Amino acid sequence: MPYFRPIPRTDPARPMGALTLAGGWCWFDTVEVLDRAALSYLMPAADLPIEALHRLTTPRAPVAGLDMTAPQIMGILNVTPDSFSDGGQHFDPEVALAHARQMASDGAAILDVGGESTRPGAAPVPVEDEITRTAPIISALRAGLTTPISIDTRKAAVAQAAHAVGANLINDVAGLTYDPALAPYAATHALPVCVMHAQGSPETMQQDPRYDHVLLDVYDWLAARIEALEALGIPRARIITDPGIGFGKTVAHNLTLLQNLSLFHSLGCPVLLGASRKRFIGEISRTPVAADRIPGSLAVALGGVAQGVQILRVHDVAETRAALDLWRATLAAPRA
C-alpha cells in the first residue's frame, strides 16, 4: 500500500496549480510516495489518487469550536502531584485555576485538563481520585471562561464527569483503547476526540520501544483507530490525530516522526503535536530540567506548524503565542 506525504511549503511565491494543504496555511505541489520496502519517490500532487487528494486538500471542520485554518494552542493544565514537566506545581486547585486563566489570557484556544500523569513509569490513578482532581477545576473554569476545555483521560467515568461540568473534547493518550466504554460515550454525546498513538502503557512504554517502520507503523495504527471509531459512530470530522511524540519512542523515533509530520494529513483529520518540554528535547539541547526546555519546545512547535499541524499542545502558552505571531509576521511581510 502506498503512503502519500505532501511536501508542505509556506513560501509566498506559490506556483500555479499548487494545492492548499487541509484548507490551512501550507501549500504543496509535490508528494513523496512511501512504502514498506523503504523505497520512496516524488510525484506531482496533481497525479494523486482521488481519495488521497481529497483527504489532503479538504478543509478541516472546526473541532470543539476551534478554527482549523490557523494554528491553535492547547494549554496544558496538569492537576497532578507528579507531572514530569512541572513537578506538581498546579496540584493546588487555586493555583491551577489561576494558571488556567492566565493561559487563556495568553492565547490558549483550548485548555487541556489532566488528573493522571502519563509520564514514563507513572502508575494508574484510581478513577475517583482522577475525577476529584479534574471535575471541580473544569466546573470552576467553565463558570468564568468561554474557552473550550478538553479532558485528558483514558477513562469513561472521568470523561463523563468532566463533560457534565463543561468539558468539550476528550483527549486520550491511549487512543480510546484503554476503556471500552469511552468511545461509545463520546459517540452518544457527539463529543470530539483526540486519538494519540502510544506503544505500551506509561509504566512500560520507554522500556526498549521497537518498530518495523516507526512512521508507517504509527500511521497505520491511527488509520485503524479512526476506522474503528467511525464504526462506533464518531465521524472523522470529530477526530483529531496525535502521533504521540515521546510515548513509546526513542529519540530517533521522535525525530523521524517530526521530520515527516505532514504524512498524517493523509488521514483526513486535524493533527495535534504534543512535544512540549519532552525528554528528547532535553537530550538534544542538553537541558536536563524540563522547565529549561522552552527554546527547544518552540523550535519543534514551529517546525510542526511549517508542516501544517493545526494544534500545538504546550506548557508555555505566552512564549508559543509570541513565536507564532512572529512566524505569521514574516509570512505576511510585504516585499520591499
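Trainee: In strand β13, which residue is the bridge partner of Gln72?
Mentor: This is a predicted model, in which local features need pLDDT of at least 70, side-chain atom pairs count only at pLDDT 80 or more, and totals for chains, interfaces and linings use all residues. Residues are numbered from 1 along each chain as its sequence is written, and side-chain values use heavy atoms, without hydrogens and water. Strand β6 (residues 72-78) and strand β13 (residues 311-314) run parallel and are joined by 4 bridges, where two strands pair if DSSP finds at least two bridges between them. Within β13, the bridge partner of Gln72 is Ile311.

Trainee: Which strands stand at the edges of the open sheet of 8 strands?
Mentor: The order in this open sheet is β11-β10-β9-β8-β7-β6-β13-β12, with parallel pairing; here strands are DSSP runs of E with at least two residues, and helices are runs of H or I with at least four, numbered from the N terminus. Each edge strand has a single partner, so one of its sides is left without a neighbour in the sheet. The strands in that position are β11 (239-242) and β12 (272-273).

Trainee: At about what angle to β10 does helix α6 run?
Mentor: Helix α6 (residues 214-231) lies across both β10 (193-196) and β11. Angles run from 0 to 180 degrees between N-to-C directions, with axes fitted to C-alpha atoms, for helices over the stretch in contact. Relative to β10, helix α6 runs at about 145 degrees.

Trainee: Which residues of α10 make the contact with α9?
Mentor: The axes of α9 (residues 294-305) and α10 (residues 317-332) come within 10 Å and cross at roughly 45 degrees. On the α9 side the contact (heavy atoms within 4.5 Å) is made by Ile294, Leu298, Leu302 and Val305. On the α10 side, the residues are Glu319, Thr320, Ala323, Leu324 and Trp327.

Trainee: What relative accessibility does Ala22 have?
Mentor: Ala22 is in the loop between β2 (19-20) and β3 (27-28), and its phi is near 55 degrees, a positive value in a residue other than glycine. Most residues other than glycine have a negative phi. Ala22 counts as buried (under 20% relative accessible area, with exposed over 50% and partly exposed in between, for a 1.4 Å probe and protein chains only), because its relative accessibility is 2%.

Trainee: What is the relative accessible area of Ala64?
Mentor: Ala64 has a positive phi of about 50 degrees although it is not a glycine, and its place is in the loop between α1 (50-57) and β6. Ala64 is partly exposed, with a relative accessible area of 21%.

Trainee: Which residue in β4 is the bridge partner of Tyr3?
Mentor: Strand β1 (residues 3-6) pairs with strand β4 (residues 30-34) in the antiparallel sense over 4 bridges. From β1, Tyr3 and Arg5 point one way, while Phe4 and Pro6 point the other way, and all are buried. In β4, the bridge partner of Tyr3 is Leu34.
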